[in-house]
Amino acid sequence: MTEQYTLTNLVQTKEVACSLLAKLVPGDVVVFEGNLGAGKTTFIQFMCHELGVEEYVNSPTFTIINEYLTGKYKVNHIDFYRLNSEEELREIGIEQYYNAQDLTFIEWGNKFPEMLPDKYYEIKISYINEVRELTIELLG
Ligand SMILES: Nc1ncnc2c1ncn2[C@@H]1O[C@H](COP(=O)(O)OP(=O)(O)OP(=O)(O)O)[C@@H](O)[C@H]1O
Ligand SMILES: [Mg+2]
């Protein structure tokens, strides 16, 4: 089943982010697909803020992975954008982030579909004329 939302402001994005977060269980992975500026990081910021992350959450474009400890979960925020090969993800040890305890959020995950876990939520965001269309689907 695919959930679909039309978003015209940040408050709506926050609501969708918090309602998805409420459904997540330890070990869940959420993969984001959408162009530059679509709002991937923004959605993740809202979930992290709700979890109590106090530091500023940005795209881990250069660090590749940011890790946040919260009361309830460890959050792994990964960005595939700058990576050139699956080999780089193997070197990082991507499998360690697909564990039974953490929440893992991946921006540009569709760049290396072979490197995604068997089961994950896929969020697609398209952005046209200040309106964002967002879909959420559980795959695998
Ligand atoms: N629902 C929304 N309504 C209004 N502005 C939004 C919304 N979602 C995101 N934005 C704004 O769009 C800009 C880009 O968002 P964001 O950084 O989350 O994009 P991104 O998809 O992570 O991009 P990148 O691929 O570069 O990492 C930000 O300034 C953010 O505030
Ligand atoms: Mg981003």
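## The shell around ligand 1

The residues of the shell around ligand 1 comprise 4 nonpolar, 8 polar and 3 charged; Ala, Val, Leu, Ile, Met, Phe, Trp, Tyr, Cys and Pro count as nonpolar, Asp, Glu, Lys and Arg as charged, and the others, Gly among them, as polar. Ligand 1 is surrounded by 15 residues, the closest being Gly39, Lys40, Thr41, Thr42 and Ser59 (near means a C-beta atom, placed from the backbone, within 6 Å of the molecule). Helix α2 gives the most to this shell, with 3 residues.

This is a predicted model, in which local features need pLDDT of at least 70 and side-chain atom pairs count only at pLDDT 80 or more, while totals for chains, interfaces and linings use all residues. Residues are numbered from 1 along each chain as its sequence is written, and chains are lettered from A and ligands numbered from 1 in the order in which they are written.

## Helix α2

Helices (H or I, at least four residues) and strands (E, at least two) are DSSP runs, numbered from the N terminus. Gly52, with a positive phi near 100°, follows α2.

## The sheet

Seven strands form an open sheet with mixed pairing, in the order β1-β7-β6-β2-β5-β4-β3 (strands pair if DSSP finds at least two bridges between them). β1 (2-7) and β3 stand at the edges with a single partner strand each, so one side of each lacks a neighbour in the sheet. β3 pairs with β4 in the antiparallel sense over 5 bridges; Leu69 has Lys74 in β4 as its bridge partner.
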